[in-house]
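Student: I've got a model open and I'd like to talk through its pockets, helices and ring pairs. Can we take it one question at a time?

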Amino acid sequence: MIVIKGRIDWQDGTPPLSALANFAQTVRERHSGNLEYQLSVDVGNSKILHLFEHWKSRGDFDAHLLSPEVAEIGKFLEGKSTIVNLSVFDVSDRSELV
């Protein structure tokens, strides 16, 4: 399993949450191997977005990165936001805390 954690800083104005929510919904519905895809607004700063993704495999995640939807959202975000960090975790074992 692959887990992605990232932070995106929005540059000007208010982040277009509706467009980003539509993108997240498309990923959840159409991208094979996606277990979870969440974008959330930071409670202390509405220009900071947090990204959390969960994929069945690295191959599924890599295919997602090559998708037309990712290319389209990348063009949309270009010059409007900065990816501050993006971390990929390969999780071979999972256990529930609660």
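Student: Which exposed residues sit on the face of α3 turned away from its buried side?
Tutor: Keep in mind that this is a predicted model. To count as exposed, a residue needs over 50% relative accessible area. On the face of α3 turned away from the buried side, the exposed residues are Pro68, Glu72 and Lys75.

Student: And on the buried side, how wide is the arc that the buried residues of α3 fall within?
Tutor: The buried residues of this helix are Val70, Ile73 and Leu77. Look down the axis of α3 and they line one face of the helix, because they fall within an arc of 65°. The arc you asked for is 65°.

Student: What do those buried residues of α3 pack against?
Tutor: Contact here takes heavy atoms within 4.5 Å. By that test, the buried residues of α3 pack against β1, α1, α2 and β4.

Student: Which residue just after α3 takes a positive phi?
Tutor: Step just past the end of α3 and check the backbone. The phi there is about 80°, and the residue is Gly79.

Student: Over in α2, are the buried residues on the same side or on opposite sides?
Tutor: The buried residues of α2 are Asp60, Phe61 and His64. They cover an arc of only 100° around the axis, which puts them on the same side of α2.

Student: What do the buried residues of α2 pack against?
Tutor: Apply the contact test again, with heavy atoms within 4.5 Å. The partners of the buried residues of α2 are β1, α1, β2, β3, α3 and β4.

Student: On to rings: what kind of pair do Phe23 and Tyr37 make?
Tutor: A search of the whole structure finds two aromatic pairs. For Phe23 and Tyr37, the ring centres are 5.8 Å apart and the planes lie at 80°. Planes over 60 degrees apart count as edge-to-face, so the pair is edge-to-face.

Student: How many residues apart in sequence are the parts that this pair ties together?
Tutor: Phe23 lies in helix α1 and Tyr37 in strand β2. Phe23 counts as buried at 10% relative accessibility, and Tyr37 counts as buried at 5%. The pair ties together parts whose separation in sequence is 14 residues.

Student: What about Trp55 and Phe61, how is that aromatic pair classed?
Tutor: Both Trp55 and Phe61 are buried. Their rings are 6.1 Å apart centre to centre, with 55° between the planes. Stacked needs under 30 degrees and edge-to-face over 60, so this pair is tilted.

Student: Which helices supply at least two residues each to the lining of the second largest pocket?
Tutor: The second largest pocket has a volume of about 160 Å³. Its lining residues are Ala19, Asn22, Phe23, Thr26, Glu69, Glu72, Ile73 and Phe76. By class, that lining has four nonpolar, two polar and two charged residues. The helices that each supply at least two of the residues are α1 and α3.

Student: Is Ser81 buried or exposed?
Tutor: Ser81 is found in strand β4. Leaving out residues up to four places away in sequence, Ser81 touches Ile8, Asp9, Trp10 and Gln11. Its relative accessible area is 18%, and the cut-off is under 20%, so Ser81 is buried.

Student: Last one: how far apart in space are Arg94 and Met1, C-alpha to C-alpha?
Tutor: Arg94 lies in the segment after β4 and counts as exposed at 52% relative accessibility. Not counting residues up to four places away in sequence, Arg94 touches Met1 and His54. Arg94 and Met1 are 93 residues apart in sequence, and their C-alpha separation in space is 8.9 Å.

Notes:
Residues numbered from 1 in each chain as written. Predicted model: local features only at pLDDT ≥ 70, side-chain atom pairs only at ≥ 80, totals over all residues. Heavy atoms only, no water. 1 Å grid on protein atoms, 1.4 Å probe; cavity = no way out; pocket = protein on both sides within 12 Å on 5 of 7 lines; lining within 4 Å. Points joined across faces, edges and corners; volume = space filled by probe spheres on them. Helix = DSSP H or I, 4+ residues; strand = E, 2+ residues; numbered from the N terminus. Nonpolar A, V, L, I, M, F, W, Y, C, P; charged D, E, K, R; others polar. Buried < 20%, exposed > 50% of the residue type's maximum accessible area, 1.4 Å probe, protein only. Arc of directions from axis to C-beta. Phe/Tyr/Trp six-rings, centres within 6.5 Å; stacked < 30°, edge-to-face > 60°.
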